[in-house]
Amino acid sequence: MHHPPTSDHRLLRFATAGVDVHHHTAIPEQAPVSRGELDALHAHCVALFALLDTHTGTTRPLAPAEAGHLHAARIRLWQTCDALHDAYHRAPRADGRRPTREACALRLPEGAPDMVICQRHSTTSGRVRVIATPSELRGTPTTAPRV
C-alpha cells in the first residue's frame, strides 16, 4: 500500500532536489572541488549519518534485519564523511597553499574557520565509536543484525 509522504518525507525530497540542482547548475566545469564545497558535502553527509543513526536505533527493536541494512548504510556513510574530511585537509587553501604532508599525517588543525569541519567530524566520530566496531570501520560493513 502506498502511503502519502509526510512533511518529513517532503523535507527529504526537497533536500534531495536541492543537492541535484546544485550538482547540475553550480559546479564549474574543469575546476577541482573547493574546500567550501567539501565542507558543505561533509556537513550534508554528517546530517544524513545522524538521520540514519536515529532510524537504525528506532528500527532495530521492531525489524532487526532491516536495521542491519540501515547499520551497514550508516557505517558506509561515516566512511564517506571520513574521506571528505581527509579530502578537505588535502585541498588547497584560499591562498593557494596546500597543507604539508606532515601536517596532514599529524591531522594538525588549521584554525578558524577550518576548525568547523574538524569539530563536526570529531563530534560525530564519538558516536561512531559507540555504534561500530573497528573492523566494521576498516572493511565493508555487513548487514547482519546487531544485538
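Helix H1 (7-25) and helix H2 (35-59) each contribute at least two residues to the lining of the largest pocket, where helices (H or I, at least four residues) and strands (E, at least two) are DSSP runs numbered from the N terminus. This is a predicted model, in which local features need pLDDT of at least 70 and side-chain atom pairs count only at pLDDT 80 or more, while totals for chains, interfaces and linings use all residues. Residues are numbered from 1 along each chain as its sequence is written, and side-chain values use heavy atoms, with hydrogens and water left out.

**The chain**
- Of its 147 residues, 27% count as buried, that is, under 20% relative accessible area with a 1.4 Å probe and protein chains only.

**The largest pocket**
- The largest pocket holds about 310 Å³ of space, a pocket being an open set of points on a 1 Å grid over the protein atoms alone, where a 1.4 Å probe fits, with protein on both sides within 12 Å along at least five of seven lines.
- Among the 14 residues that line the largest pocket, His22, Ile27, Val33, Glu37 and Leu41 are the closest to its centre, and lining residues have an atom within 4 Å of a point.
- H2 gives the largest share of this lining, 4 residues.

**Leu51**
- Leu51 is found in helix H2 and is partly exposed, with a relative accessible area of 31%, where partly exposed lies between buried, under 20%, and exposed, over 50%.

Definitions and conventions:
Grid points are joined across faces, edges and corners, and a volume is the space filled by probe spheres set on the points.
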